[in-house]
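Reader: I am new to this structure. Please take me closely through one part, the place where the two chains meet.

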Amino acid sequence: MIAILDYEGGNLASVLRALDHTGFDACITRDFETIRRADHVILPGVGAARATMHHLRARGLDKLIREEVIGGGIPFLGICIGVQVIFASSEEEEAECLGILPGSVRRFPSVFAGEQLKVPQIGWNQVRFCRPHPIFSGVEDGASFYFVNSYYPVPASEELVYAKTTYGVEFASVVGKGNLVATQFHLEKSGVPGLRMLENFCRWDGSLC
Amino acid sequence: MLTKRIIPCLDVRAGKVTKGVAFQGNVDVGDPVAMAKHYYEQGADEIVFYDITASHERRDIMIDVVASVAREIFIPFSVGGGLRTLSDMRRVLLAGAEKVSIDSGAVRNPDTIRQGAKAFGRQCIVLSMQVKRVPCTPNIPSGYEIFIDGARTATGLDAIEWAQRGEELGAGELVVNSIDADGVKTGYDVDLTRRMAEAVGIPVIASGGAGEPSHLYDVFSQGNADAAIVASMIHFGTYSIPEIKDYLHRRGLPIRMV
């Protein structure tokens, strides 16, 4: 069973539909026992970092994610806002986040190299792999994925960066450590390569060798 | 680098695609779910549905269509047509659409844009506008006026000013439909699109007038559009999405190839 964390964020059902389509058994849940027993856990969503953190804390999910999901070795996938809240803090309303990975989240500049940069970034952009990861299996390096984001993750160490994307600035579009992996783009809305990465995650045992 | 998006548009009335279609192969012509799936597999970057069902009670059919589409395609899609209230928008988003498109309803009640952006995030709110060339006047300094209700009713609003107001109110993207270019197949209104792209800081989606791949090239390269809507040029089988994308890619534009 794959647990999609229910925290009143948007977009939960589209991840569920994508998993249904690929044939995996999943549910949207906030029940601690279900999450503890899950084979995989996904934190998806669109929205703001502060509101997301508020909902996670109100349900005690922040502690559960940190201590029993990540700490317990369950493969964990963050998507979009789910990548942003795993860092220590976000520039977005100066939100304090989960602090699972060292680093922060910054807003795209509205002007870059003299050119106006539209914020949020909306559309398909290329994801270039920096190093192998089990969820990349069968996905072409440089394939395009669907992004909707005003903020981007800035990990404290290059060792956490698995893929990069350029939108004015070059930023980390896939980050990970151990049994945790997170994508800034929407796997569930990125066509065939997105579904493939989602399937790879669902087959992943959380180890990196 | 962000790619230029190609967005097929399907007009749906009472659960069926209305414009004539001449698909080759085994696509169930007129079925919005089958057509959306076909375009998804062909490499569409996004899909737009306009519900042109007249009567209110039949809108439930559109919700069923949205829910079925959401189970079959895994790219973003938006739904527009007759959405007036927050609860109209919420139903469509909960059924699986990524975005809602508002048009005449936003002109009548601009606060709809603000409310929608606050409730669902601005990336969900697409402001669609029907624009016609008119003589420049003090009220319409750009020479482009907003029309509503299927291009029948003039509003006295300047199109550029309305676009900027829409952005301020919280629209995440703009669809700019040229009434003059629509259905004529002689190309998008490149001047209008470029002026919109210069006037706002959100993505601009050109609509109306596409008849051949070079029209998309022009509106992307000279009109600075972020995306372009295509309808009859693909619905009638004159061109396929891969053909259009190949053409644009060969001419050097950033295009998502699948």
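Author: What follows is a look at the interface of chain A and chain B, then at one helix of chain B.

This is a predicted model. Start with the contact itself. Chain A brings 25 residues, and these touch 28 residues of chain B. Together the chains bury about 2,200 Å². Carbon and sulfur atoms give 56% of that area. On the side of chain A, Lys118(A), Ile122(A) and Trp124(A) lose the most area to chain B. Those three make up 33% of what that side buries.

Now the polar links. Between the chains, 10 residue pairs are in polar contact. Two salt bridges cross the interface. One of them joins the side chains of Lys189(A) and Glu98(B), with 3.5 Å from N to O.

Which elements of chain A give two or more residues to the side that touches chain B? They are α1 (12-22), β10 (121-126), β12 (144-149), β14 (161-167) and α6 (191-203). The most comes from β10(A), with six residues. By type, that side of chain A has 10 nonpolar, 11 polar and four charged residues.

Last, helix α3 of chain B, residues 86-94. Here Asp88(B), Met89(B), Val92(B) and Leu93(B) are buried. They sit on the same side of α3(B), because they cover an arc of only 125° around the axis. Their cover includes α2 (59-72), β4 (77-80), β5 (99-102), α5 (111-120) and β6 (125-133) of chain B. Just after the helix, Gly96(B) has a positive phi of about 125°.

Note on methods: Residues numbered from 1 in each chain as written. Chains lettered and ligands numbered in written order. Predicted model: local features only at pLDDT ≥ 70, side-chain atom pairs only at ≥ 80, totals over all residues. Heavy atoms only, no water. Contact = heavy atoms within 4.5 Å. Buried area = accessible area lost by both parts, 1.4 Å probe. Salt bridge = Lys/Arg side-chain N within 4 Å of Asp/Glu carboxyl O. Polar contact = N/O pair within 3.5 Å; in protein donor to acceptor, adjacent residues only side chain to side chain. Helix = DSSP H or I, 4+ residues; strand = E, 2+ residues; numbered from the N terminus. Nonpolar A, V, L, I, M, F, W, Y, C, P; charged D, E, K, R; others polar. Buried < 20%, exposed > 50% of the residue type's maximum accessible area, 1.4 Å probe, protein only. Arc of directions from axis to C-beta.
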